[in-house]
Amino acid sequence: MLDRREPRGPLVTYGVIGACCLIFLISPVSGLNHAYGTGDALLAAQGAHFRRWGVIPAELLAGDVDALSSPLTALFVHGSWLHLLGNMLFLYVFGAMAEERLGHGEFGLFYLVCGCLALVAYAAAHAQSQQTLVGGSGAISGVLGAFLYLFPRARVTSLYPFLFFLPLRFPAWIVLIFWFVLQWLAARGAGSGPGVAYLAHLVGFGLGFLYAWVRFGWGARVKTPAAATEGEGQP
């Protein structure tokens, strides 16, 4: 008899991680695809790659037809190995439990919409900027916000550089609120030039938390400690 039950496991989380890693590896950014050449040729290919698939705020807000899809494509493009690995680690750590609660389809739509809105919000705040914005940080921040609402007492093992990278375990609400404060402080000092789009992180986090609150209400929160998870102190 055909089993129509929903497949188990965080399929969307693993799918997004796989897609981001594959896109990065075949792109000129990884430095592994020799078809792009070396030196100046490689740098030119990387710049063209970011302009083709990333968000350029001035072009997006000007209504450029080619730029309208950029908030979606930018979610799967990353600027460096560190950028990719940091984002994928956080998605791996927090995405599985959030996807289990939301379900595969809803989680996938939530991830894409949250990420696109975070990128659009950043673009609106830097409307004249020609700097390219890439990465899934806004979407992953949304996952963190939803996780904070749904699993505030889940135990998270984190590494803190200022504590000599000692692995310490805290409830998720402490770790994620600490992360949010760091993003807020960093956003206050950030300009519109190259760097980390902290504002997109804050918007994504807020959207994720708000969505979980509206979607589930107060009765759906996991109030008992959930299974331990692991992560770094900073995405």
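Biologist: Helices (H or I, at least four residues) and strands (E, at least two) are DSSP runs, numbered from the N terminus. In which helix is the place of Cys21?

Modeller: Cys21 belongs to helix α1. Please keep in mind that this is a predicted model, in which local features need pLDDT of at least 70 and side-chain atom pairs count only at pLDDT 80 or more, while totals for chains, interfaces and linings use all residues. Residues are numbered from 1 along each chain as its sequence is written, and side-chain values use heavy atoms, with hydrogens and water left out.

Biologist: Is Cys21 buried, exposed or partly exposed?

Modeller: Cys21 is partly exposed, as its relative accessible area is 25%. Buried means under 20% relative accessible area, exposed means over 50%, and partly exposed lies in between (1.4 Å probe, protein chains only).

Biologist: And Cys20, buried or exposed?

Modeller: Cys20 has a relative accessible area of 0%, so this residue counts as buried.

Biologist: How many disulfides does the count come to?

Modeller: A disulfide is a covalent bond between the sulfur atoms of two cysteines. The rule applied here asks for a pair of cysteine sulfur atoms within 2.5 Å, and by this rule the count is zero. Cys20, for instance, takes part in no disulfide, and the cysteine sulfur nearest to that of Cys20 belongs to Cys21, 6.9 Å away.

Biologist: Let us turn to the whole chain. How many helices and strands does the secondary structure come to?

Modeller: The protein chain has nine helices and three strands. Followed along the sequence, their pattern is α-α-α-α-α-α-α-β-β-α-α-β.

Biologist: What share of the residues is buried?

Modeller: Of the 235 residues in the protein chain, 43% are buried.

Biologist: How many residues does the largest nonpolar core have?

Modeller: The largest nonpolar core holds 49 residues, and Phe94 and Val143 have the most contacts inside it. Helices α1 (11-26), α5 (81-102), α6 (104-125), α7 and α9 (198-216) are the elements that give two or more residues to this core. A nonpolar core is a set of buried Ala, Val, Leu, Ile, Met, Phe, Trp, Tyr and Cys residues joined through side-chain atoms within 4.5 Å.

Biologist: Where is the place of Ser141?

Modeller: Ser141 sits in helix α7, which covers residues 137-150. With a relative accessible area of 2%, Ser141 is buried.

Biologist: What about Tyr211: in which helix is its place?

Modeller: Tyr211 is part of helix α9. This tyrosine is partly exposed, with a relative accessible area of 31%.

Biologist: By what distance are the C-alpha atoms of Tyr211 and Gly145 separated?

Modeller: The C-alpha atoms of Tyr211 and Gly145 are separated by 8.8 Å, although these two residues are 66 residues apart along the chain.

Biologist: Now for some serines. Where is the place of Ser27?

Modeller: Ser27 is found in the loop between α1 and α2. Ser27 is buried, since its relative accessible area is 3%.

Biologist: Buried or exposed?

Modeller: Ser30 is buried, with a relative accessible area of 8%.

Biologist: How far apart in space are Ser30 and Gly79?

Modeller: From C-alpha to C-alpha, Ser30 and Gly79 are 8.8 Å apart, and in sequence they are 49 residues apart.
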